[in-house]
Amino acid sequence: MRVVGSVLLIEPDQSLRRELRDVFERSGYSVTAVKGNAADALSQVMRWCPDLIVMGERAANGGCRELMGYLWCECPVPVIMLGESGDTSDAIPYLEMGVDAYVCRSVNSRELLARARNLLRLAWNGYEEVY
């Protein structure tokens, strides 16, 4: 199977991490999955720049602002945040920090993959072609 892109998955919950890894790998993505927080993600990204980051909201509690600042300057990678609730007001602080999409942890895998494909298409083709 052809690799579609690389995903850095940061999720503290082992079962969800395993499930999401399987979803992305079955769809052709190369996945590096880590149990950690945003600071751990930052150390990973400083070594290699993935095509997409998928991060659980609980993982964001350890340096999300620093991670987003680094990504903005050094490694412009789309980020999908897996939120704890479906309340859109919870998404606003993360979206204001630069997270590209905020979806509930219980998101349908097809929706998550569609969002990932769209964000990668925008990243690879440039936002100026869309807006």
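This is a predicted model: local features need pLDDT of at least 70, side-chain atom pairs count only at pLDDT 80 or more; totals for chains, interfaces and linings use all residues.

Residues are numbered from 1 along each chain as its sequence is written, and side-chain values use heavy atoms, with hydrogens and water left out.

The two helix pairs can be set out like this; axes are lines fitted to C-alpha atoms, for helices over the stretch in contact, and angles run from 0 to 180 degrees between N-to-C directions.

| Pair | Angle | Axis distance |
|---|---|---|
| H1 (residues 14-26) and H5 (residues 109-125) | about 60 degrees | 11 Å |
| H2 (residues 38-47) and H3 (residues 64-74) | about 25 degrees | 8 Å |

The angle in the H1 and H5 pair makes H1 oblique to H5, whereas H2 and H3 are roughly parallel to each other. Here, under 35 degrees counts as roughly parallel, over 145 as roughly antiparallel, 65 to 115 as roughly perpendicular and the rest as oblique. Helices (H or I, at least four residues) and strands (E, at least two) are DSSP runs, numbered from the N terminus.

Which residues touch? From H1, Leu20, Val23 and Phe24 meet Ser109, Leu112, Leu113 and Ala116 of H5 (contact means heavy atoms within 4.5 Å). By class, this contact of H1 with H5 has 6 nonpolar, 1 polar and no charged residues. Ala, Val, Leu, Ile, Met, Phe, Trp, Tyr, Cys and Pro count as nonpolar, Asp, Glu, Lys and Arg as charged, and the others, Gly among them, as polar.

The crossing of H2 with H3 is left-handed. Ala38, Ala41, Leu42, Val45 and Met46 of H2 make the contact with Cys64, Glu66, Leu67, Tyr70 and Leu71 of H3. These residues comprise 9 nonpolar, no polar and 1 charged.

Now for the sheet. Its 5 strands form an open sheet in the order S2-S1-S3-S4-S5, with parallel pairing (two strands pair if DSSP finds at least two bridges between them). Strands S2 (30-34) and S5 (101-104) stand at the edges with a single partner strand each, so one side of each lacks a neighbour in the sheet. S1 (residues 6-10) is joined to S2 by 5 bridges, and Leu8 stands opposite Thr32 in S2. H2 packs on the sheet, touching S1, S2 and S3 (52-56). H4 (residues 88-97) lies across S4 (79-83) and S5, at about 150 degrees to S5.

How values were computed. A crossing is left-handed if the near helix is turned anticlockwise from the far one by less than a right angle, and right-handed if clockwise.
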